[in-house]
Number of protein chains: 4
Amino acid sequence: MRETFFADLLAQIAERGRALFPGGRRVPLIGHQPDILDLCHALLSRRGEASGVALADQILNIWSQSDSERKKHFLLDLVADFGPLIAQLEAAVTAWTAQQSETALRAIHAAAEPRRQELIRRLNLAPGGTRRLVSMREEIFTHRKAHPELDILDADFVHLFSSWFNRGFLVLRRIDWSTSANILEKIIRYEAVHAIHDWTELRRRIEPEDRRLFAFFHPQMTDEPLIFVEVALTRDIPDSIAPLLAPDRQAISSTEADTAVFYSISNCQEGLRGVSFGNFLIKQVVEDLRRELPNLRTFVTLSPVPGFAKWLDRQRGAAPTWLTPADGEALDTLRQAGWTNNDEERVRLTAALDGAASQYFLAEKNEHQKPVDPVARFHLGNGARLERLNPFGDTSANGLRQSYGLMVNYLYDLKSIERNHEAFAETGEVAASSAVRSKLRSSTASKGISTQTVVA
Amino acid sequence: MRETFFADLLAQIAERGRALFPGGRRVPLIGHQPDILDLCHALLSRRGEASGVALADQILNIWSQSDSERKKHFLLDLVADFGPLIAQLEAAVTAWTAQQSETALRAIHAAAEPRRQELIRRLNLAPGGTRRLVSMREEIFTHRKAHPELDILDADFVHLFSSWFNRGFLVLRRIDWSTSANILEKIIRYEAVHAIHDWTELRRRIEPEDRRLFAFFHPQMTDEPLIFVEVALTRDIPDSIAPLLAPDRQAISSTEADTAVFYSISNCQEGLRGVSFGNFLIKQVVEDLRRELPNLRTFVTLSPVPGFAKWLDRQRGAAPTWLTPADGEALDTLRQAGWTNNDEERVRLTAALDGAASQYFLAEKNEHQKPVDPVARFHLGNGARLERLNPFGDTSANGLRQSYGLMVNYLYDLKSIERNHEAFAETGEVAASSAVRSKLRSSTASKGISTQTVVA
Amino acid sequence: MRETFFADLLAQIAERGRALFPGGRRVPLIGHQPDILDLCHALLSRRGEASGVALADQILNIWSQSDSERKKHFLLDLVADFGPLIAQLEAAVTAWTAQQSETALRAIHAAAEPRRQELIRRLNLAPGGTRRLVSMREEIFTHRKAHPELDILDADFVHLFSSWFNRGFLVLRRIDWSTSANILEKIIRYEAVHAIHDWTELRRRIEPEDRRLFAFFHPQMTDEPLIFVEVALTRDIPDSIAPLLAPDRQAISSTEADTAVFYSISNCQEGLRGVSFGNFLIKQVVEDLRRELPNLRTFVTLSPVPGFAKWLDRQRGAAPTWLTPADGEALDTLRQAGWTNNDEERVRLTAALDGAASQYFLAEKNEHQKPVDPVARFHLGNGARLERLNPFGDTSANGLRQSYGLMVNYLYDLKSIERNHEAFAETGEVAASSAVRSKLRSSTASKGISTQTVVA
Amino acid sequence: MRETFFADLLAQIAERGRALFPGGRRVPLIGHQPDILDLCHALLSRRGEASGVALADQILNIWSQSDSERKKHFLLDLVADFGPLIAQLEAAVTAWTAQQSETALRAIHAAAEPRRQELIRRLNLAPGGTRRLVSMREEIFTHRKAHPELDILDADFVHLFSSWFNRGFLVLRRIDWSTSANILEKIIRYEAVHAIHDWTELRRRIEPEDRRLFAFFHPQMTDEPLIFVEVALTRDIPDSIAPLLAPDRQAISSTEADTAVFYSISNCQEGLRGVSFGNFLIKQVVEDLRRELPNLRTFVTLSPVPGFAKWLDRQRGAAPTWLTPADGEALDTLRQAGWTNNDEERVRLTAALDGAASQYFLAEKNEHQKPVDPVARFHLGNGARLERLNPFGDTSANGLRQSYGLMVNYLYDLKSIERNHEAFAETGEVAASSAVRSKLRSSTASKGISTQTVVA
């Protein structure tokens, strides 16, 4: 009941929001429009203390009705005019140099904080403020290339959003066919891995008993998912995506499943880029599914390998030592149309792709000594283990283009997540199953690779 | 409907919380208990990135099971061990002294932030983290006198709580007889102005058509009001509290009322002391009541004057010039038992108390050039105006003790709030009605007092 | 808050229902299946008093797993075996004939009630019973033609459903884009007047500020709309449907509208045929819209005329006196493809269609002395007035086929609804505007037609 | 989510209700008040079809503002004026006598239905109609003694309420400390077995982990519990009430409990007397607790024996054969003040009370061959078994007065409920444990008593 009380609470805030922003229409600005920067200074002043909510609302209204050019100028003005108070900072530094006290430290910290941060905090007073600030940050991205000085403003947003969107404030929610259309519509729009083409396809992803979709929400943005993950409940670790998405597949009972497959993870809010939730989302979903379905033993992804095809093309040009002549010959087949249906070549090709893939994941490193594949960095960084390579995992046009059809499974084994994460973070060590490790053609690359027996 | 979706969301988080903390019973710590400081260091380390939720939960569990002595040591350890990174700060200062770049500024700001703040942010990952951190801060108050070094830790909490409890995240909610008992129970407990003795009295404050109670809530503390205000709807500005609270009074229809009287405002969370909501609460309630009941014209308080009796006693000893002999004589009556029923003296006494009260509010100043009365500072600081003095306003034992029965009305006139607030903040100018001003005996004190015609 | 308590209540019942009927899958019947009729007798017996819920559930499970042939036999058995208790009825009649007492009357009423009714009441004990009984009635329709004896069983269902679906138990709800997908999906499926082809079209009907959709629900069937009405808010009474549904039309602000147009009313539950809600739905929506949007002055339909084309074809064969030669000539045009675009003929054709339409609505009567058009009978029976004839109102293929493009407006004028309803019910008098009446070519038909000035 | 949609639904209806009946104040009747009987006739007429909701509301408003005398007359008028249509009934009977067709049967049933029933159904159209009709029936009870002809009207209400409050429409809900105060207040008021004196005592009954309270609600009366049961979770079958209610008792963990004790069942709505829910309530609670707490093995009551003391007093006067001289001597002690503390006598007294109690439950019968104790009839009628006699079970003043302290346990053993119920209903056979049976002094009385081994 406690919660329904709160339901009510939220209903109220939402209504108030709706009253203020009916139908998403622009609120007309009446009469002479005050200068937005003047209003920002007022918001930080005494007047802001008395009339903060109204001022913040006015500023954000002007903002939302400005064109991109005016928005850009406003953002640049925030950088130029609302930095730290330099004179105070100099005084604080001088004081601290004279005597290193806690008080002096605090003075430094206070003076070094750009006034932009307090301004953004006060803008959040406005109805719907959080949501509007998230969209303000999106505008930064449009101009950052041309105006790198906006980076510092972006850092302020990230600092505040990290605090506001602290996982402790987020709510995990299952999305299904009884969810409201305005949220489902956003799931369709935001799905970034395996596109959802229409409502019928969406329904196939959320309604059958062996499918799940979970999203994080923030109390101030109740109809905007922040990130979501799609899950298939299966009886084995799948090695390709097509059967999971097939329109005519037979659903199984959720209690029969022993494996939960995370086959798509999508961030929804461009304006929250850099504020990471994915890590928490997967772990929370693992915990929740475990409680709901005690038969589940294995938690695993079926993941794309976005950079593999390009990398492999480059490698072949360079004729690296790990590429055996036989493998090279097999890989030539990739240039032929219809190679995925060439059953004769399949065995040879599988071996060649396995070899190349293990090289790609285990031996290749970027400048931070991490794998070159971004999806790999995400899951390995979360403490997952590279469990299996699946050549022919995604033979759609897109799958072939980005990875010659290769997909992989990352295994989330709760017992080893912490160790894997630490090793990866410290030394770049890639947790991989012995099966994956055994595909590696070059012995030299095996340094820093942990061997683990599949446990789950 | 959007909101009921979110209701569901919140229900889910609440259930999860309940599962984790069943019945408020202590979660037993099994086996060897790790050191809480080690865990804090771990939470800030790589391990914390992988297992933050679990670590934070473990730390807060150990905390809540510690006795006050161990809690004190932990708090002191936070001060000693989790300050800024001095070496990095020194380097950043050096760099900035060499060249004043934005990058250098950011480095200073980052290095000057005590690591406690990030620690507290990460503790918030735990289920129920926010609530538990608020209660952690309460513990600081217990030890602060003996350990003033805890002030710096307290400042960290205030900094973070100000961001987390930003008004943009709060939800205003009407409390009535259909509110859940666990919340109503807290209203009884937290009422700090006119005590509520039992459920029958509570009901009289929230159920009649001409009574309202509003509270702010935070999404992470859904059954804990943060602050609440009690409102009486009346046909005039009341000059005493007893008729408002009388058990046998006749309620009026809410549509007949033209005045909303804020007769009690109570903060509920000791652990949020210094994070101010009262200002926002009153203004929001004014706005909401306005919308609901367009007949309301006047928004006014009926407020206690907590320091008046003591101040007056001190003044009389000093025989100040503003105290006329006639007034002094009348005030002598205050020493007689039953003076409140002495109808003969009533007129003389009223004049004398009016005179003293106008002096107290308009002429007396503390070291910051603000009135000496804390309630006055709150309402005047919000931009309200001192509207009327009510000798004989509260003739209960408590009322006589603290203010010889004096109560006052502060008027919230939306049109002048901003101006009043600014003048008060800048120069300490006290907005007062001409009626109040006219009571002043000393012409010298009238400097800095604005004259306003009663508008509302 | 009271209501959120109830929300919770309902949530609970729904969960329980879900647990019992997971995923809509058939509950397997284990072992030897008892005879469904034996179970029905048991349900009416002492055993039924002790184990009613379980027995009712078992019976409805067997029912839902039976094929159509077995269902038919069961329905026929209900008619044959569960009628009134004849011997008791005879005794009661004898007693009453001897002495006409209240007790004897009650005995007659009790004995004359078919035991089927008590059986159906007890079947309703099962989880989801109401919904399953509604679908049981649908099966009757399949067999009624071949087995007219089922009519008596159908009457029992209607008697009980009329009590259970009493308007006092129904809840009116606005459906919009934040409604859950499983309900919206049913709106798409059940729309019977102007088909909704996909989710994009649905959205156009419910999301713009000048569109509304309201539905009645029953507490026991919370995700099944019973009946719904689609409303367009406009600035005038529209004379054709296409502009209302145009994908690229401009929405107006809801506060600018002065007219609410009911342009589609659809019953959703075949199994509730004959239990009328439409009357209540329209009146409730009129009341609610009035309260929400005080600017609304006119409440009107834009309705199809389903039988007009066929009727007109028949009439023309018979060459009735009211059909002037000029009109007949104009109507010949209807046989030419593309006549709707023939601007030259439009005036003549309009006159001819107006004449025929006024004859159709005002003069033609069925065997009950009511208009031959079913939609007309519904709205006139509700007390609405035939306000305007709109030739060229629906020039879609379907519109041309059923009514040569004719649409009409029925006006709901609250002040005259009761009078219109009574006159229509008593004498078949058709309330029509003078404009409509003036189109009538035959003076003889004008008997029984009321003349009214347009008020709204 | 489906359910939150419905929550919304209900919220809406509740709001509408609130708008119509603000603050429970009387809606003033303006101008000349029409005759309530005329309105009733109108409601049953054509006018009622058009304006049913408004007419029903008007009638119920007049009703609620009438004094008891006028209410009585209205009720008597309903009996006199709204009975069956006699002429039609006679015709139908004649027709049926001529030929016994289904059609004739239906005509009899229809004509024999008092028009009151349709009138009550139409009154239910009014907002809040159901609730107001329930309270209308309460008025019947006030006058029934003086006007036995009202019985027939009462029967009409029971007939309709039995259909409307069908268990399939009821919702079971747990009541706890987060339930709204307006519902909790009613729990305090309606508790009829062990009075709840204040909110503190209420809290002890609903908040501890080993306490539960469940109530049935109806969708149209969302803040009125219909019936509720209080449950204690324990580790054994308790033999006295005081320890269960002791303010200072230690709660146990709900998972440690193996027994659920129903220690109080209270009907709340006088106006629903005779519409039985208790049977369904207990069985549903047993099922729900089972699911939530699989450790629970035993479901048992701790019940009062309301008629025992009076019965025993009468028996002793008659010196029946089953009363042994030794028992008689022991029972003499009951006349001494403080006998409950007389430890010496306790053994003898226990034996004597056991003997008398077994006689009371097993051998004494009323005119329907059922036990004379009403609580026994309820639980045995539900299929429970008399499990244990507890002399000294309730030594409060009330307990001593009604049963010389005797309490009993009835066991709900799901496996034998149906058999027990049938035997009890058919032959009056009392299911009792062998322990209870063995207390019986008279062998003659043992006929018709089933012996069962304690299973649970």
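Analyst: The domain bounds used below come from an automatic or database domain assignment. The model itself is predicted.

On that basis chain A is divided into three stretches: domain 1 at 26-164, domain 2 at 168-301 and domain 3 at 304-452. The C-alpha centres of domain 2 of chain A and domain 3 of chain A are 25 Å apart. Their contact draws on 12 residues from domain 2 of chain A and 16 residues from domain 3 of chain A. On the side of domain 2 of chain A that touches domain 3 of chain A, α13 (278-292) and β5 (298-301) of chain A each supply at least two residues. The most comes from α13(A), which gives four residues to that side of domain 2 of chain A. By class, the side of domain 2 of chain A that touches domain 3 of chain A consists of seven nonpolar, four polar and one charged residues.

The unreviewed entry places "domain: Malonyl-CoA decarboxylase N-terminal" at residues 82-165 of chain A. That span, 82-165 of chain A, is 76% helix and 0% strand, and its end C-alpha atoms lie 24 Å apart. An annotation in the unreviewed entry, "domain: Malonyl-CoA decarboxylase C-terminal", covers residues 168-413 of chain A. Here the make-up is 37% helix and 18% strand, and the end C-alpha atoms of residues 168-413 of chain A are 23 Å apart. Chain A as a whole comes to 20 helices and 10 strands. Of its 456 residues, 44% count as buried. Taking the contacts in chain A between residues at least 6 apart in sequence, 71% join residues at least 24 apart.

Next, the nonpolar packing. In soluble globular proteins, nonpolar side chains tend to be buried together. The largest nonpolar core in this model has 203 residues, and F216(A) and F216(C) are those with the most contacts inside it. If neighbours within four places in sequence are left aside, F216(A) is in contact with L170(A), V171(A), L172(A), L226(A), I227(A), F277(A) and L281(A). Apart from that core lies another, of 202 residues, with F157(B), A181(B), C268(D) and L281(D) among them.

A helix in chain D shows burial at the level of one element. α9(D), residues 150-164, has 15 residues and reaches 21 Å from its first C-alpha to its last, close to the 21 Å expected at 1.5 Å a residue. Which residues of α9(D) are buried? They are L150(D), L153(D), D156(D), F157(D), H159(D), L160(D), F161(D) and W164(D). An α-helix has 3.6 residues a turn, so residues three or four places apart point the same way. The cover over the buried residues of α9(D) includes α4 (68-81), α7 (115-123) and α8 (129-144) of chain D.

Strand β8 (residues 407-411) of chain C holds Y410(C). Y410(C) is buried because 25 other C-beta atoms lie within 10 Å, against a cut-off of 20 or more. P219(C), in contrast, is 31 Å from Y410(C), C-alpha to C-alpha, and 191 residues away in sequence.

Q88(C) sits in helix α5 (residues 86-98) of chain C. With 14 other C-beta atoms within 10 Å, Q88(C) is partly exposed. Q88(C) and A107(C) are 19 residues apart in sequence and 8.4 Å apart in space, C-alpha to C-alpha.

Most residues other than glycine have a negative phi, and most peptide bonds are trans. A319(A) has a phi near 45°, a positive value in a residue other than glycine. A319(A) lies in the loop between α14 (308-318) and α15 (325-332) of chain A. A319(A) counts as exposed because 9 C-beta neighbours fall inside 10 Å, and the limit for exposed is 12 or fewer. For Q369(B), phi is near 65°, also a positive value in a residue other than glycine. Q369(B) is found in the loop between α16 (343-363) and α17 (374-381) of chain B. Q369(B) is exposed, with 10 other C-beta atoms within 10 Å.

Note on methods
Residues are numbered from 1 along each chain as its sequence is written. Chains are lettered from A and ligands numbered from 1 in the order in which they are written. This is a predicted model: local features need pLDDT of at least 70, side-chain atom pairs count only at pLDDT 80 or more; totals for chains, interfaces and linings use all residues. Two residues are in contact if their C-beta atoms, placed from the backbone, lie within 7 Å. Ala, Val, Leu, Ile, Met, Phe, Trp, Tyr, Cys and Pro count as nonpolar, Asp, Glu, Lys and Arg as charged, and the others, Gly among them, as polar. UniProt positions are given in the numbering used here, feature names are shortened, and annotations may be inferred rather than shown by experiment. A nonpolar core is a set of buried Ala, Val, Leu, Ile, Met, Phe, Trp, Tyr and Cys residues joined through C-beta atoms within 7 Å. The expected span of a helix is 1.5 Å times one less than its number of residues.
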